[in-house]
Amino acid sequence: MNRQEFIDELKARLRKLPYDETREAVEYYEQYFDDAGAENEQAVIQELGPPAAVARQIIAGYAVKGSTAKVPLRESWHSAWLVILALMASPIAVPLALAAGAVALALAISLSAVVFSLFAAGAGAFIAGIACAVGCIVIAAKSFPTAVMLLGAALMLLGIGAAIILWASALSKLGFSWLSKMVGNYILRRKHA
Amino acid sequence: MAATFQVGSALLDACILAFLSQEDAYGYILTQNAKELLSVSESTLYPVLRRLQKEECLRAYDVQYAGRNRRYYQITSTGKERLDEYIREWAEYKQKVDKILFSGGRIE
């Protein structure tokens, strides 16, 4: 294998990553070869090992790093997906991978269920709030005290609904990035073991 | 350093930050240093650098060298804070391990 073949295979193995990540990694290794000098090309290829393994490290690293910073929800889903890819690409015992995958999947499902029910509760409170507001307007002409009470109830329910929804979305972000971080760390530990 | 003890990812982060707190460096040089002192493989470093960069502990800049780009890494103030934390924790950890290895864990 020569330098060009190494780079080409690395590029192909990284194509699942966002374009910028692939370009950054490929540039790094291009420069690495340049800095090592043409006379060391074969030695560098020997030392680096197969491009597939180099790519695996990059993908695992990318998946782990997404979780420590503030990441939008879509991106943490993205890194969860990459974790799965890295898991599949890793030379770890298949039963172990399956067990770990099952645990991660179970956690993801329960987390989704909790988040979903919170969203439902928030939406329920919101709808009740709107109903109270409508009731308040309808009854305003007949009974002023009832209208005031309904207005109060409407504001309270809307507030509670908004709070629950905000809280649920924060929880889901936190939960999913924590989960992908755990899975990512697990993969890295297995790889270094 | 002999490869008896494995360098974990926190320790590797700490060592890279420490190298870069001395001077800015590019990937190949950093790798050669890390390889010599810590016996990590040549392909270990890029993901670490990229992660530290994303965590804003490092920033990268390009310098023209021999008609091409060379990407240098520079430690940021966040990186320096992180390094100080690592140094404190390492000192504490080292003391504990020393106590066990050199005096069998006896508290005197």
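How many salt bridges are there between chain B and chain A? The count is 9. Welcome to this predicted model, in which 24 residues of chain B are in contact with 21 residues of chain A. A search of the whole structure also finds 2 cavities of 30 Å³ or more.

**Where the chains meet**

- Chain B and chain A bury about 2,100 Å² between them, and 48% of that area lies on carbon and sulfur atoms.
- On the chain B side, B:Y28, B:E42 and B:Y46 lose the most area to chain A, together making up 32% of what that side buries.

**Polar and charged links**

- One of the salt bridges joins the side chains of B:R50 and A:E24, at 3.8 Å from N to O.
- Between chain B and chain A, 12 residue pairs are in polar contact, both residues being at pLDDT 80 or more.
- In chain B, the elements giving two or more residues to the side that touches chain A are α2, α3 (45–54) and β3.
- The largest share of that side comes from α3(B), with 8 residues.
- Sorted by class, the side of chain B that touches chain A has 7 nonpolar, 8 polar and 9 charged residues.

**The largest cavity**

- The volume of the largest cavity is about 90 Å³.
- Residues lining the largest cavity include A:E24, A:Y28 and A:D35, along with B:Y28 and B:R71.
- Two or more lining residues each come from α2 (19–36) of chain A, and from α2 (27–38) and β3 (68–75) of chain B.
- With 6 residues, α2(A) gives the most to this lining.
- The lining has 5 nonpolar, 2 polar and 4 charged residues.

Key:
Residues are numbered from 1 along each chain as its sequence is written. Chains are lettered from A and ligands numbered from 1 in the order in which they are written. This is a predicted model: local features need pLDDT of at least 70, side-chain atom pairs count only at pLDDT 80 or more; totals for chains, interfaces and linings use all residues. Side-chain values use heavy atoms; hydrogens and water are left out. On a 1 Å grid over the protein atoms alone, a cavity is a set of points where a 1.4 Å probe fits but cannot get out, and a pocket is an open set with protein on both sides within 12 Å along at least five of seven lines; lining residues have an atom within 4 Å of a point. Grid points are joined across faces, edges and corners, and a volume is the space filled by probe spheres set on the points. Helices (H or I, at least four residues) and strands (E, at least two) are DSSP runs, numbered from the N terminus. Ala, Val, Leu, Ile, Met, Phe, Trp, Tyr, Cys and Pro count as nonpolar, Asp, Glu, Lys and Arg as charged, and the others, Gly among them, as polar. Contact means heavy atoms within 4.5 Å. Buried area is the accessible area (1.4 Å probe) that two parts lose on being put together, summed over both. A salt bridge is a side-chain nitrogen of Lys or Arg within 4 Å of a carboxyl oxygen of Asp or Glu. A polar contact is a pair of N or O atoms within 3.5 Å; within protein, one must be able to donate a hydrogen and the other to accept it, and residues adjacent in sequence count only if both atoms are side-chain atoms.
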